[in-house]
Structure formats: C-alpha cells, structure tokens
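This briefing concerns one protein model, shown below. Please keep the structure in view while reading the points that follow.

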Amino acid sequence: MDKYYVSTKIDGNICFVNKDSTGISIVSHNNNSFKRPELEKECSEILKNKCGLFVGEIYFHDESKRTRSYDLKREIGNNKSDIRIALFDIISFENKDYKENDWSEKKKILSDNFKSTGKVYFLSETELSSRKEIEEIFNKTIVESNEEGLVVRGENGPVFKIKEYHSFDMAILGYVNGYTNNFSLMKEVLVGVMTEENKFLITGVVANGFDIEQREKLSKDFEKIKVDSDSIIVSGAKIPFTMVKPIHVVEIESTDIINSTSDGFIKKYSINFKDKYSFEQKTNSVSLTTPVYTRFRDDKKVNLNDIGINQITRVIEIPEEENDT
C-alpha cells in the first residue's frame, strides 16, 4: 500500500539552518543572512553539541490569517515580530549526508529534536494511504480553510505541491508573432488589469492555451487594432510587443501569483490609453506562475468592474509605493 505524508504549505521563504562548531547561521538560498537572534538562540539550545544542516520555511506568524511571503518581507526587520521556522528536511546531521529517499530516518531526527511548541519546529505531517484521502484533505485545508496549498511527500520520494488554480479576467494590451518561428501565428499576448479608467497595470505575458487556428486568426485580428505607444516592451524572444486597443478580455488561469522575489517587490509598467499608450514609471505589480489562456470573455467589458485590480488584491497584496524622503 502506498503511503503519502501531507503537510500544509507555508508561504514564506526557504531557509537553511546550519549548526557547526562556530555556531548557528540561518540563511536564504542565495546565502543572505536572516538576522533573527532569537531563532539562532533557540536552535543552539535545541541542538547543543550536535551539528547539521536543515531546510525549512521561515515565515511571519499571525494566528488570525494565513501565511504570506510579503508579510515576512515586511516584518523580518522588526525584532518584535513573531518570526518562525518550520523545518521539513535535512541535508546532513552529525557528519552524515542524507538523500531524498531517506525520509523515515530524517523525519525521526527532526521530530526527536524539534518539538511543535517552539518557534523553530518540525512541520508535522498527516500520513495518508490513497489519493482520495489527499483530495479530501485538500478540500478541507485549501478550499475551506483558505491555506495556500499542500506539500505531499511519497514514502520514497518525490515531493510535490498541490495548489488551487487562480482565475483572472484581463485585457489584452499587446502581442507578438512567431509561434514555432512562424510569423503568421501569434506567439504570446501582453495582459493587464485596470486600475482606474483608461489606466492599466501590466501583469504578465501569456503564451500557452491557444491552438493553431486561434493563433492564426488572432494574428490577423490584432493587426487590425494595433496602436502606437511611446515606449517599447520586449518579449522573452527579444521581439517588441505590438500594442493593441484594449478591447478584448480573456480569462487567464495560473498556478500561483507572487508580488516579490528575493530581489524585492515585482515592478511592471503602469500605462494609460487614449488613442495610443503612454507609459508611466514602473510600479509594484505581480507575476503569474505558468499562466494559461482559457477563453475570451465576450460577456465582460474593459472596465473596473470586470477587469479591475481588485481581482488581484483579493488574492495577494500589492504593496503601496514607498515615497522617497
């Protein structure tokens, strides 16, 4: 019988807790230090003379709401904030390296050393024996409790994440041709949401979900509604987008939506449309993870009610711009 170990996905930043003869360090994937002395002290008290390299998710804890990575970014510098680490893996312990399929042994080490009562703890799992049970816990955890997702670990690996799809209605703002190097076929579209009348925030590029007939037809249709722009946005293929009148609304699905990376908040152009596009400076925006076109929404109009930014902010915060002082 198959065994699956399921835990709630925490939305923070991955971190590495290293304990060696010189002490404790807690760093990000690019080796930036998370300066949290209280967490270092707790790890030191737990491990004492033991050494190891552990993997976890560092996050801001608020009992009243789900975890969000942008909350961590905002609160990590506040010494009074409740920052915690949920450990979920071991790279090495007491001079022994561990592989992915050594989970039973790794789990025992984590559970024996890191109790659920501390700020640094082992992320508890539920053992399941069928995919039907995974579906049931998904509905309870994600749909009913509004958590971000599940992490499912097979008994001998692999590890995978299960998350709910997000759906948004957005305006098509531009396009490029060149699908499979055929420049009679539309390759991808530039999309955005409306922030105020005639003003759009670019949210991303969508290349997947269109069939060949659609790509051929859309290339011709978009050619008829192309407009001028005072700036250029270049696609991933290094081809400038041809901007079009914002008259088409499409439904886009994505597996995730983020507002920041390890480099800071995601910024994209805010643009105005009146006969042509005029670009403002880049502002805080979002990125869609694996966005896919699903359909044209002929029942929707290009207005704040149908394609407004509130679709985004009900899922994730777009932080306000900080004014220079």
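The model is a predicted one. Helix 5 comprises residues 212-223, and the structure as a whole holds 22 salt bridges.

**Helix 5: length and N-terminal end**

- At 1.5 Å a residue, the twelve residues of helix 5 should span 16 Å, and the distance of 17 Å between its end C-alpha atoms agrees with this expectation.
- The N-terminal end of helix 5 is capped by D211, which places a side-chain oxygen 3.2 Å from the backbone nitrogen of E213.

- R215, L218, S219 and F222 are the buried residues named for helix 5.
- These four residues lie on the same side of helix 5, because the arc they cover around the axis is only 105°.
- The cover over the buried residues of helix 5 includes strand 11 (166-179), strand 12 (182-196) and strand 22 (292-296).
- On the face turned away from the buried side, helix 5 carries the exposed residues E213, K217 and K220.

- D221 and K217 join their side chains in a salt bridge, with an N to O distance of 2.6 Å.
- The two residues are four apart in helix 5, so about one helical turn separates D221 and K217.
- K217 is exposed, with a relative accessible area of 51%, whereas D221 counts as partly exposed at 23%.

**The salt bridge between K96 and E105**

- K96 and E105 form a salt bridge in which the closest N and O atoms are 3.0 Å apart.
- K96 counts as partly exposed at 37% relative accessibility, and E105 is also partly exposed, with a relative accessible area of 37%.

- In the salt bridge of E251 with R295, the closest N and O atoms are 3.1 Å apart.
- E251 belongs to strand 15 (residues 249-254) and R295 to strand 22, so the pair ties together parts that are 44 residues apart in sequence.
- E251 counts as buried, at 11% relative accessibility, while R295 counts as partly exposed, at 40%.
- Through salt bridges that share partners, D169, E251, R295, R297, D299 and K300 are joined into one network.
- Strand 22, which holds R295, is also among the elements that cover the buried residues of helix 5.

How values were computed: Residues numbered from 1 in each chain as written. Predicted model: local features only at pLDDT ≥ 70, side-chain atom pairs only at ≥ 80, totals over all residues. Heavy atoms only, no water. Expected span 1.5 Å × (residues − 1). Buried < 20%, exposed > 50% of the residue type's maximum accessible area, 1.4 Å probe, protein only. Arc of directions from axis to C-beta. Contact = heavy atoms within 4.5 Å. Polar contact = N/O pair within 3.5 Å; in protein donor to acceptor, adjacent residues only side chain to side chain. Salt bridge = Lys/Arg side-chain N within 4 Å of Asp/Glu carboxyl O.
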